[in-house]
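Here is a short report on one protein model. Keep the sequence and the 3D view open as you read.

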Amino acid sequence: MIAETVCSAVSAAGLGIAAITAYRKRFLAATRLAAYSLVPVGLVMTGVVGWLADTAFSMKAWAGFGVLGVAWLLFMITRAVERRSGGTRKERKAAKAAQREAVAPAASAPSLGPGARPAAQPAAKQQAAAPKEDFSDIEAILKKHGI
């Protein structure tokens, strides 16, 4: 009952301010103020204010909020631990296996294959054929990656 009276008084005051604002020929601001002023009365009429008042003074509702807070806290703790440890045991094993497969044992050596390198040529031919060698190396890399 008190909440409805307060909401009605707030709405009446807001509509009065909107009327003064409209009198000063600021119609857009007055319309916006009137819209904000009608919200409390609308909440009272729909029953939201009564529901909130019943919830705010109910120990059962506050206990429910406490249980929800504990559940949220437990979810966050498990998420943090999972991120730190890398997931479940099965996921960690799969990640280790994928990491071993991703890194080649001789990663420092070029992995173009045995026939990808051109044979040694004399110095004069090597200078003239230098651009071809660069393109063939690039071509071999692209072929290796399936491009």
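C7 sits in helix α1. Helices here are DSSP runs of H or I with at least four residues, strands are runs of E with at least two, and both are numbered from the N terminus. The model is predicted: local features need pLDDT of at least 70, side-chain atom pairs count only at pLDDT 80 or more, and totals for chains, interfaces and linings use all residues. Residues are numbered from 1 along each chain as its sequence is written, and side-chain values use heavy atoms, with hydrogens and water left out.

Is C7 buried or exposed? C7 counts as buried because its relative accessibility is 16%. The cut-offs are these: buried means under 20% relative accessible area, exposed means over 50%, and partly exposed lies in between (1.4 Å probe, protein chains only). Which residues does C7 contact, leaving aside neighbours within four places in sequence? They are P40, V41, V44 and V49. Contact means heavy atoms within 4.5 Å. V39 is 32 residues from C7 along the chain, and their C-alpha atoms are separated by 8.9 Å.

## The whole chain

Now step back. The protein has 7 helices and 0 strands. Read from the N terminus, its elements run α-α-α-α-α-α-α. Of its 147 residues, 8% count as buried.

The accessible surface comes to about 12600 Å². Carbon and sulfur atoms hold 68% of that surface. Such areas come from the Shrake-Rupley method with a 1.4 Å probe; for residues, only the protein chains shown count as cover. Take the contacts between residues at least 6 apart in sequence: 37% of them join residues at least 24 apart.

## From α1 to α2

Look at the loop between α1 (2-23) and α2 (27-46), where K25 is found. K25 has a positive phi of about 65 degrees, although it is not a glycine. Most residues other than glycine have a negative phi. K25 is exposed, because its relative accessible area is 65%.

Not counting residues up to four places away in sequence, L33 touches I17, A18 and T21. At 47% relative accessibility, R32 counts as partly exposed. R32 and A18 are 14 residues apart along the chain, and 8.1 Å separates their C-alpha atoms.

## A threonine in α3

T55 belongs to helix α3 (residues 48-56). Its relative accessibility is 13%, so T55 counts as buried. What does T55 contact, once neighbours within four places in sequence are left aside? The partners are A61, W62 and F65.

## Two surface patches

Patches are built from residues with over 30% relative accessible area and no salt bridge. Like charges are joined within 9 Å. Nonpolar side chains (Val, Leu, Ile, Met, Phe, Trp, Tyr) are joined within 5 Å. One nonpolar patch covers about 830 Å². Its members are V70, W72, L73, L74, F75, M76, I77 and V81. Of these, L73 has its place in helix α4 (residues 59-85). L73 counts as partly exposed, at 45% relative accessibility.

A positive patch is formed by R89, R92, K93, K96 and R100. Lys and Arg count as positive and Asp and Glu as negative, while His and the chain ends are not counted. Each charge is placed at NZ of Lys, CZ of Arg, CG of Asp or CD of Glu. R92 sits in helix α5 (residues 89-102). At 35% relative accessibility, R92 counts as partly exposed.

How many salt bridges does the rule give? The count is 1. The rule asks for a side-chain nitrogen of Lys or Arg within 4 Å of a carboxyl oxygen of Asp or Glu. The side chains of E139 and K143 form the bridge, with 3.9 Å from N to O.

Where do the two residues stand in the helix? E139 and K143 are about one helical turn apart, because they are 4 residues apart in helix α7 (residues 130-144). E139 counts as partly exposed, at 45% relative accessibility. K143 counts as exposed, at 60%.
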